[in-house]
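Dear colleague,

Please find the sequence and the model below.

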Amino acid sequence: MKITAVQTRVVNAEMRNWVFVKIETDEPGLHGWGEATLEWKTHAVVGAIQDLTPLIIGRDPRDIEQAVRAMKRQSFWRLGAIGMSAVSGIEIALWDILGKHLDVPVWRLLGGKVRDKVRVYTHLGLGDMRAVYESMDEAPLVERAREVVEKGYKAFKAVFIPYTHFHACLPEIRKLERLMGALRSAVGEEIEIMVDFHGRPASVTAALAYIEALEPGRPMFVEEPLPPGETLGLVGIAARTKVPLATGERLVERSEFDELFRARAVDIVQPDICHCGGLGEAKKIAAMAETVGIGVAPHNPLGPIAGVAALHFAVSTPNHVIQEEMVGAVPWYFDVVQGPIRLVDGFWQVPDKPGLGIVVDEAECARHPYAPEVIHTLNAVLDDGTIVDW
């Protein structure tokens, strides 16, 4: 069997252009799908896929590890977030092909089933961009939290940390205390709440001030309390708080995760399967994390193929804790990709169809062609004009 073609399909979903990867083989009717979505880097990722294609054309698609090594080693330059996202999309599609070829679901190939259902969480606003990133006051936060719980979710994540620099001012700290208290009162103690800092605090002291304000509400974890790469800062925070820490969505090399693990800097690591090299690499990262007593909660606010890949990963990964999802990002989410994602009482169910178990409607994809993404990051400016982390 040989790879004969690698194609991309770009589907605009307002804040993100989903980048789907289709790999065709010389076996009639056998192809696979992956996803390589990277916000505000769509053209670059599509170009990177085109650049990597000559390295895998003619290869046996079942030799997944070898194909990944070719893309990473024989391209000479280290790939970074753009190149690694391209590799990830291709790699996921190869697993889809292998599963279809062997007539088994991908999770079976990744080691088999370690759980009977997968715990998930969504975002306030159920994925709607403005609801996720612009709910900074008590009334909309509480309203959206209740809506999520009514939909059957047992956990959700909120993004209400203010844009910050090196100092957290007292009024913002007090507001954070009130917001977390209102959320906890609204949903009770049975619902898990996570708070995404988005790397907004630029200092350990600012991050700690916010974490202390949140602590009475007992968050399941706080995510990216510092920008990526600040491992020593995370170690300092971990030594001074009981709140679990999570990070990792913007790390793409295994060596970056290794630094976190060696330092015991976090409780939860969050690799993105569509950025870190694909399913095989994510499994290696998870195994490293398990060795040092760290759980895995993969980052996944992307498109429907990414969601299904995360489902197969979760079914087969022992130290998986909870899975992020954003199936409400657009009303037609399930129209472009029909697949096995099914929520029952706060859990995704285990898929049983071969490969990823998806059908991509290419005609529906074409109804949502590329368009410039909403650059919401432009809002990350302080009153004095200082540009800060989004």
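Predicted model: local features only at pLDDT ≥ 70, side-chain atom pairs only at ≥ 80, totals over all residues.

Residues are numbered from 1 along each chain as its sequence is written, and side-chain values use heavy atoms, with hydrogens and water left out.

**Helix pairs**

Helices (H or I, at least four residues) and strands (E, at least two) are DSSP runs, numbered from the N terminus. Axes are lines fitted to C-alpha atoms, for helices over the stretch in contact, and angles run from 0 to 180 degrees between N-to-C directions.

The axes of helix α1 (residues 42-52) and helix α3 (residues 80-102) come within 8 Å and cross at roughly 65°. On the α1 side, the contact (heavy atoms within 4.5 Å) is made by Ala44, Val45, Ala48, Ile49 and Leu52, and on the α3 side by Ile82, Gly83, Ser85, Ala86, Val87 and Ile90. By class, the contact of α1 with α3 has 9 nonpolar, 2 polar and no charged residues. Here Ala, Val, Leu, Ile, Met, Phe, Trp, Tyr, Cys and Pro count as nonpolar, Asp, Glu, Lys and Arg as charged, and the others, Gly among them, as polar.

For helix α9 (residues 231-238) and helix α10 (residues 254-263), the axes come within 10 Å and cross at roughly 30°. That makes α9 roughly parallel to α10 (angles under 35 degrees count as roughly parallel, over 145 as roughly antiparallel, 65 to 115 as roughly perpendicular and the rest as oblique). Thr231, Leu234 and Val235 of α9 meet Glu259, Leu260 and Ala263 of α10 in this contact. Its residues divide into 4 nonpolar, 1 polar and 1 charged.

**Buried residues**

Glutamate 324 is found in strand β11 (residues 323-324). At 2% relative accessibility, glutamate 324 counts as buried (under 20% relative accessible area; exposed means over 50%, and partly exposed in between, with a 1.4 Å probe and protein chains only). A polar contact of 3.4 Å joins the side chains of glutamate 324 and lysine 157. Such a contact is a pair of N or O atoms within 3.5 Å; within protein, one must be able to donate a hydrogen and the other to accept it, and residues adjacent in sequence count only if both atoms are side-chain atoms. The backbone nitrogen of asparagine 300 also lies 2.9 Å from a polar atom of the glutamate 324 side chain.

Glutamine 349, in strand β14 (residues 347-349), is buried, with a relative accessible area of 18%. Its side chain reaches the backbone oxygen of phenylalanine 347 at 3.1 Å.

Valine 252 lies in the loop between β8 (245-247) and α10, and is buried at a relative accessible area of 10%.

**Positive phi values**

Most residues other than glycine have a negative phi. Arginine 264, in the loop between α10 and β9 (268-269), has a positive phi of about 50° although it is not a glycine. Aspartate 345 is found in the loop between β13 (343-344) and β14, and its phi is near 55°, a positive value. Aspartate 345 is exposed, with a relative accessible area of 52%.

With kind regards
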